[in-house]
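I opened this entry to keep track of what I looked up, in the order I looked it up.

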There are 2 protein chains.
Amino acid sequence: MHYKSSKKFEETTISTQEVFQGKIITLQVDQVQLPNGQIASREIIRHPGAVAVLALVDNKMLVVEQYRKPLERSQVEIPAGKLDPGEAPLEAALRELAEETGYRAGSLKLISSFSTSPGFADEIIHMYLAENLIKGEAAPDEDEFLECEAITLDEAKQYMQEQRISDAKTIMAVYAWQIYQLTGQIG
Amino acid sequence: MHYKSSKKFEETTISTQEVFQGKIITLQVDQVQLPNGQIASREIIRHPGAVAVLALVDNKMLVVEQYRKPLERSQVEIPAGKLDPGEAPLEAALRELAEETGYRAGSLKLISSFSTSPGFADEIIHMYLAENLIKGEAAPDEDEFLECEAITLDEAKQYMQEQRISDAKTIMAVYAWQIYQLTGQIG
């Protein structure tokens with residue numbers, strides 16, 4: 001059996017109630033039976049999934065600054081975005097990179113697919129390494145306001161100290177990049 | 001100005017509607033004004049925040065396997081849990097480590113505080129390095145079913161390949177641990 005289907009300590013669904021269906025997320029509350037037979041409720045966010053890109057140009061990483069309403073402040077992050085319906089993660093990574101930074105990637109490699117908040121959300125982010133980049137024109141969505149820059153590893157660490165960079169995927173990308181520099185291995 | 005309060009590209013709140021208040025998360029929908037004057041809606045999950053612990057014993061990392069209902073499968077993760085009301089992150093890290101693994105930490109150091117899903121949630125995880133551990137008895141919550149083990153860095157990478165480990169905070173911890181081994185620096 002592939003581990004990914006492991007059901008150890010499974011919580012069996014007794015009922016599912018959809019509470020909210022939004023433009024991006026759906027919220028449901030499940031009643032579940034625990035391994036000891038007791039009943040508990042689980043609040044679950046459904047999300048379409050997303051991509052993120054560690055894009056390296058001349059030994060610098062491309063990042064975009066944007067306002068994050070849930071945090072009520074702006075942050076510097078690697079290029080990222082939700083999957084469109086039916087869109088493959090690799091396509092989405094190429095699209096988001098081009099839209100947010102203007103760069104086209106000559107090569108893309110999956111670093112990792114990971115869940116962001118497995119306690120309450122099913123969101124998966126597929127993170128890619130993009131290299132051999134070719135500069136074009138950025139074309140963000142109409143309601144997307146962001147600013148792109150390229151930073152060195154030392155600058156990325158400085159940004160982490162200052163909490164300009166402070167989200168999981170971007171910190172993970174900086175760590176992966178540092179390991180790539182130290183060992184030649186990614187992911 | 002400290003960067004953490006940066007309001008670049010700010011989205012001004014016009015109205016906030018609370019849609020759902022659960023045991024763990026709250027969902028609200030905000031109407032916001034974008035920098036170009038247009039109106040957009042933002043679906044926002046409020047979360048109490050959490051802690052996670054990279055706990056090292058004899059050059060092994062403590063991990064716990066548990067079922068994650070949003071993913072409908074079990075996963076291996078570093079010890080973690082939500083902040084109790086009014087609880088300081090450092091206390092919560094000590095508490096969760098002890099509850100889930102039985103270990104008491106002789107020293108704790110903050111590696112990073114990061115947002116998990118800044119596009120739709122305000123959840124912050126405070127991740128600590130725990131060393132000088134003393135073995136005691138695990139005492140998980142009554143409705144918490146998990147199994148603790150200690151794994152080497154090579155095993156952790158193997159688990160990542162197999163997607164036994166596949167959540168952001170645990171992958172971040174493995175990367176941070178590898179950098180710690182390579183450079184002596186953490187976070």
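**Domains of chain A**

I am working with a predicted model. I began with the division of chain A. It splits into domain 1, residues 12-46, and domain 2, residues 50-183. I took the distance between the domain centres over C-alpha atoms and got 31 Å. Then I listed the contact: five residues come from domain 1 of chain A and four residues from domain 2 of chain A.

I looked up the buried area next. The two domains of chain A bury about 380 Å² between them, with 52% of it on carbon and sulfur atoms. On the domain 1 side, I24(A), I45(A) and R46(A) supply 80% of the buried area, more than any other three residues.

How many salt bridges cross this domain interface? I found one. I also noted the salt bridge between the side chains of R46(A) and D122(A), at 3.1 Å from N to O. Three residue pairs are in polar contact across the domain interface. By class, the domain 1 side has three nonpolar, two charged and no polar residues.

**T26(A)**

I stopped at T26(A), which sits in strand β2 of chain A, residues 26-33. Is T26(A) buried or exposed? Its relative accessible area is 15%, so T26(A) is buried. Leaving out residues up to four places away in sequence, T26(A) touches E18(A), F20(A), Q21(A), I44(A), I45(A) and R46(A).

**Chain B against chain A**

I moved to the chain interface. Here 80 residues of chain B contact 80 residues of chain A. The chains bury about 7,100 Å² between them, 61% of it on carbon and sulfur atoms. Within chain B, the residues losing the most area to chain A are Y3(B), K69(B) and Y175(B), together 11% of what that side buries.

I counted four salt bridges between the chains. E65(B) forms a salt bridge with K8(A), with the closest N and O atoms 3.7 Å apart. Polar contacts between chain B and chain A come to 30 residue pairs.

Which element of chain B gives the most to this side? I found that α3(B) does, with ten residues. The chain B side divides into 32 nonpolar, 23 polar and 25 charged residues.

**Salt bridges within chain B**

Over all chains, I get 26 salt bridges. I followed E77(B). The side chains of E77(B) and R68(B) meet in a salt bridge at 2.8 Å, N to O. Both E77(B) and R68(B) are buried. E77(B) also forms a salt bridge with K169(B), the closest N and O atoms being 2.7 Å apart. K169(B) lies in helix α3 and E77(B) in strand β6 of chain B, so this pair ties together parts 92 residues apart in sequence. I checked burial too: K169(B) is buried at 6% relative accessible area, and E77(B) is buried at 0%.

Last, I looked at helix α1 of chain B, residues 89-101. R95(B) and E99(B) both lie in this helix, four residues apart, about one turn. They form a salt bridge, with the closest N and O atoms 3.5 Å apart. R95(B) counts as buried at 19% relative accessibility, and E99(B) counts as buried at 16%.

Definitions and conventions. Residues numbered from 1 in each chain as written. Chains lettered and ligands numbered in written order. Predicted model: local features only at pLDDT ≥ 70, side-chain atom pairs only at ≥ 80, totals over all residues. Heavy atoms only, no water. Domains from an automatic or database assignment. Contact = heavy atoms within 4.5 Å. Buried area = accessible area lost by both parts, 1.4 Å probe. Polar contact = N/O pair within 3.5 Å; in protein donor to acceptor, adjacent residues only side chain to side chain. Nonpolar A, V, L, I, M, F, W, Y, C, P; charged D, E, K, R; others polar. Helix = DSSP H or I, 4+ residues; strand = E, 2+ residues; numbered from the N terminus. Buried < 20%, exposed > 50% of the residue type's maximum accessible area, 1.4 Å probe, protein only.
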